[in-house]
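Biologist: I should like to learn how to read this model, one feature at a time. Please give the general idea before each case.

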Amino acid sequence: HKKPKNSGPLAEFMGILFGDGHLSDYQILITTNSETDIEHAFYVKNLIKKLFHLNSTITFKKNEKAINIIVSSVNLVKWISTKGMIKGNKLDNELSVPIWITKNDTYKKNFIRGLFDTDGCIYVDKHTVNNKIYKNQGWVITSYSSQLRNDIFTMLKKLGYSPTLRETQKSVYMRKRNDIAKYFKEIGTSNSKHFKRYKNGRVPKRS
């Protein structure tokens with residue numbers, strides 16, 4: 001496999017792995033939703049080809065709304081491990097954003113994009129003021145890794161955003177309209193479902 005230099009696309013791939021990825025000894029597995037994320041799955045397949053010159057397979061999991069993107073390469077697993085992705089259970093070993101990413105603003109943005117595209121969503125933020133219900137778009141990344149939540153919060157702050165961290169909900173939020181507009185302008189998304197939800201202003205309730 002090719003060993004790419006540090007780059008925005010590599011940082012985005014790391015974000016995708018931190019969100020939906022799993023490393024075993026022999027392969028990289030990325031699992032996503034077959035109903036909402038099929039376009040993104042093919043985007044990831046192309047990204048793998050571009051970065052590593054390796055083919056991946058896309059398989060649909062029967063009776064589940066899931067697709068797997070699989071790359072079988074012991075050497076790639078070893079190399080990705082050296083870039084900061086943990087093998088095995090991500091929660092048993094606290095995930096933290098690799099230093100090569102946190103030191104570079106472009107890499108930060110790309111990493112956050114990859115993570116948001118897999119583990120984030122745009123949702124309706126309802127609040128009541130003087131008995132009137134207001135609905136705004138909210139932006140959220142949810143992760144069970146407290147270190148990763150802290151890293152995302154810190155990176156967003158350094159990039160000029162105003163995130164909030166809610167440990168009880170294991171999430172990092174952005175609720176200001178300007179922040180969300182800035183996010184889609186400066187960081188963007190490679191997952192069309194997020195852009196459509198943002199543009200439509202009509203968003204599904206958070207489950």
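Modeller: Let us begin with helix packing, for which axes are lines fitted to C-alpha atoms, for helices over the stretch in contact, and angles run from 0 to 180 degrees between N-to-C directions. Helices (H or I, at least four residues) and strands (E, at least two) are DSSP runs, numbered from the N terminus. The model is a predicted one, so local features need pLDDT of at least 70 and side-chain atom pairs count only at pLDDT 80 or more, while totals for chains, interfaces and linings use all residues. Residues are numbered from 1 along each chain as its sequence is written, and side-chain values use heavy atoms, with hydrogens and water left out.

Biologist: At what angle do helix α1 and helix α5 pack, and how far apart are their axes?

Modeller: Two packed helices are described by the angle between their axes and the distance between the axes. Here α1 (residues 8-20) packs on α5 (residues 105-119) at about 35°, and 7 Å separates the two axes. A crossing is left-handed if the near helix is turned anticlockwise from the far one by less than a right angle, and right-handed if clockwise; that of α1 and α5 is right-handed. Contact means heavy atoms within 4.5 Å. The α1 side of this meeting includes M14, I16 and F18, and the α5 side includes Y107, F111 and L115.

Biologist: In what order do the four strands of the open sheet lie?

Modeller: Two strands pair if DSSP finds at least two bridges between them. The order in this open sheet is β1-β2-β4-β3, with antiparallel pairing. Its edges are β1 and β3, each of which pairs on one side only. On average, neighbouring strands in the sheet are turned by 25° against each other, direction ignored. Seven bridges hold the antiparallel pair β2 and β4, where I28 is opposite V71 of β4. Antiparallel β3 and β4 are joined by five bridges; T57, for example, has I70 in β4 as its bridge partner. Four residues lie between the strands of the β3 and β4 hairpin, and N63 there takes a positive phi near 65°.

Biologist: Which strands do α2 and α3 lie across?

Modeller: Helix α2 lies across β2, β3 and β4, and runs at about 5° to β4. Helix α3 lies across β1, β2 and β4, and runs at about 80° to β2.

Biologist: How many salt bridges does the structure hold?

Modeller: A salt bridge is a side-chain nitrogen of Lys or Arg within 4 Å of a carboxyl oxygen of Asp or Glu. The structure holds seven. One of them pairs D25 with K87, whose closest N and O atoms are 3.0 Å apart. This pair links distant parts of the chain, 62 residues apart: D25 is in the loop between β1 (21-23) and β2 (27-33), and K87 in the loop between α3 (74-82) and α4 (99-102). In another, K65 meets E35, with the closest N and O atoms 4.0 Å apart. Here too distant parts are linked, 30 residues apart, with K65 in the loop between β3 (57-61) and β4 (66-72) and E35 in the loop between β2 and α2 (38-52).

Biologist: Is K65 buried or exposed?

Modeller: Buried means under 20% relative accessible area, exposed over 50%, and partly exposed in between (1.4 Å probe, protein chains only). K65 is exposed because its relative accessible area is 54%, and E35 is exposed at 56%. D25 is partly exposed at 43%, as is K87 at 38%.

Biologist: Which residues does N191 touch?

Modeller: Leaving aside residues up to four places away in sequence, N191 touches T36, D37, H40 and D117. N191 is in the loop between α7 (177-186) and α8 (192-200), and counts as buried because its relative accessibility is 2%. N130, in the loop between β5 and β6 (132-142), is exposed at 72%. Although not a glycine, N130 has a positive phi of about 50°.

Biologist: Where in the chain is confidence lowest, and where is it highest?

Modeller: pLDDT is the predictor's confidence in each residue, from 0 to 100. Strand β5 (residues 120-129) has the lowest mean, 84, and α4 the highest, 98. The chain average is 91, and 96% of the residues score at least 70. Over residues 203-207 pLDDT stays under 50. Where pLDDT is low, the predicted coordinates should not be read in detail.
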